[in-house]
Amino acid sequence: MIDLHLHTNHSDGTDTVSELLEKAEQQKLEIISMTDHDTVSAYKELKNSEIRSKFKGEIITGVELKAIYNNQNIEILGYGIDTEKLKIYKCDNLQEEILEHFKQVAEKYQIKFDKDLKIDKQKNKIFGSFTFAENILKNKENILKLDLLGETELTEDNFFRKCESNPNSIFYFDASKYIRDINDVIKDIHEAGGLAFLAHAYEYRFKDTKKEIENIIKTTSIDGFECQHSIFSEEQKIEIMQLCQKYNKYMSGGSDYHAKNKPDIQIGTGKNNNLHIEKQFVENWIKVLPKI
C-alpha cells in the first residue's frame, strides 16, 4: 500500500518526521510522500541516515501549495519536485492578518472570543481558521448565533472551507492578493521537475465539482487529480477516476494524515479504514520520479 498525502509538524501535522516514518513502517507502506503546506523543510531531515532508516519503503518528494482558482482557495500537490529548486512564496504574517479579520467580523456580529487570542504555533495549529474556530466554538451562545447567521455545523476542521474560503460566508477572506493563481503554482511545480495534482477536489465549495474538474483540465496544465482521499465517498472516487481516464490524466491518492490535528484519519488507512491504495494505482507515473 501507499500514502501520498501526509503532514508533519513542519506544517500543521503533529508528528515529527521520525514519528511519521515509524508509523509508515508499522503499516508496511511501500511508498509515501510528505506533503506539508507551503514548505519542503521536512525533507532536510532525511539527510540524517538514522531518521531515513526508520522507513524501509520509497519516499518521493512532495508539497501541498495554496492556489487561487475562480476566486476560491484550493491546494495543488506537487510530486517529484527538486526541493532546492521549488519556489516557495511565504506570506509573512498572513495567518495573523486572517485572524484579525475574523476578530473584526466577530465584533460586528457580537460573537464572543478571547481578546488576547493569538496563533499558537507550538500546538501546530498554525492557521488563523483553526485558532479562531477552536476558540469561538467552545461557546454555546456563539453556536446559536452562528446558526442564525447561516453559519451552521461548523468545526475546527471545516471552518477554513465553509467560512474563510466561502464568498457567501460572513467570515470570507479574499486571499487573491496573497496567494498565486493555479496556473502559476502548476508552472512552479513543473519548473522544479515535478508533477502537479489537484488535492481533494470534493472538499472545496464547488457547486458542480465534475464541471470544475473538467474546466481545470481544459484551462490549466494540471497533470492529475487526487482520486483516493479519506473524505471521498465511493461514488466520488469513481467519478473522478472516470474523468482522469477520459482526459488521460494521472491518478493519485492519500489519507491527508495530520496525526492529533485530525485524529479520525489514520496513516495509510484513512477514516474508518476506508483507504487502501495499492502501488499499482500510481505506478504509471510514479516510476519515472526520483526516490529518496
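Reader: Taking contact to mean heavy atoms within 4.5 Å, what share of the chain's contacts with a separation of 6 or more comes from residues 24 or more positions apart?

Author: Those residues account for 72% of them. Keep in mind that this is a predicted model.

Reader: Okay, and the overall shape? What's the radius of gyration of the chain?

Author: The chain has 19 Å, which agrees with the value near 19 Å that a compact globule of 292 residues would have. Along its principal axes, the C-alpha trace spans about 55 × 45 × 35 Å.

Reader: How many helices and strands are there, and how much of the chain counts as buried?

Author: There are 10 helices and 10 strands. As for burial, 56% of the 292 residues count as buried.

Reader: Let's go to the core. Which residues touch the most other members of the largest nonpolar core?

Author: Ile 76, Phe 225 and Trp 285 do, in a core of 66 residues. A separate core has 23 residues, including Ile 68, Leu 94, Leu 146 and Cys 163. In soluble globular proteins, nonpolar side chains tend to be buried together.

Reader: What does Ile 76 touch, leaving out residues up to four places away in sequence?

Author: Its partners include Val 63, Leu 65 and Ala 67, then Ile 182, Val 185, Ile 186 and Ile 189, and also Phe 197, Leu 198 and Ile 222. Glu 64 is among them too.

Reader: Now Gln 72. Where does Gln 72 lie, and is Gln 72 buried or exposed?

Author: Gln 72 is in strand β5, residues 72-79. Gln 72 counts as buried because its relative accessibility is 9%, and the cut-off for buried is under 20%.

Reader: Switching to helices. Which residues of α9 are buried?

Author: Lys 237, Ile 240, Met 241, Leu 243 and Cys 244. Down the axis of α9, these buried residues fall within an arc of 155 degrees, so they line one face of the helix. Glu 235, Gln 245 and Lys 246 are exposed on the other side of α9.

Reader: Why do residues three or four places apart point the same way?

Author: Because an α-helix has 3.6 residues a turn.

Reader: And what do the buried residues of α9 pack against?

Author: They pack against α8 (209-219), β7 (224-229) and β8 (250-254). Just after α9, Asn 248 has a positive phi of about 60 degrees.

Reader: Last topic, cysteines. How many disulfides does the count come to?

Author: The count comes to 0 disulfides. Cys 227 is in none; the nearest cysteine sulfur belongs to Cys 244 and is 3.6 Å away, while a disulfide needs the sulfur atoms within 2.5 Å.

Reader: Is Cys 227 buried or exposed?

Author: Cys 227 is buried, because its relative accessible area is 0%. Cys 163 likewise counts as buried, at 0% relative accessibility.

Conventions: Residues are numbered from 1 along each chain as its sequence is written. This is a predicted model: local features need pLDDT of at least 70, side-chain atom pairs count only at pLDDT 80 or more; totals for chains, interfaces and linings use all residues. Side-chain values use heavy atoms; hydrogens and water are left out. Helices (H or I, at least four residues) and strands (E, at least two) are DSSP runs, numbered from the N terminus. Buried means under 20% relative accessible area, exposed over 50%, partly exposed in between (1.4 Å probe, protein chains only). The arc is that of the directions from the helix axis to the C-beta atoms. Contact means heavy atoms within 4.5 Å. A nonpolar core is a set of buried Ala, Val, Leu, Ile, Met, Phe, Trp, Tyr and Cys residues joined through side-chain atoms within 4.5 Å. The radius of gyration is taken over C-alpha atoms; the globule rule is 2.2 Å times the number of residues to the power 0.38.
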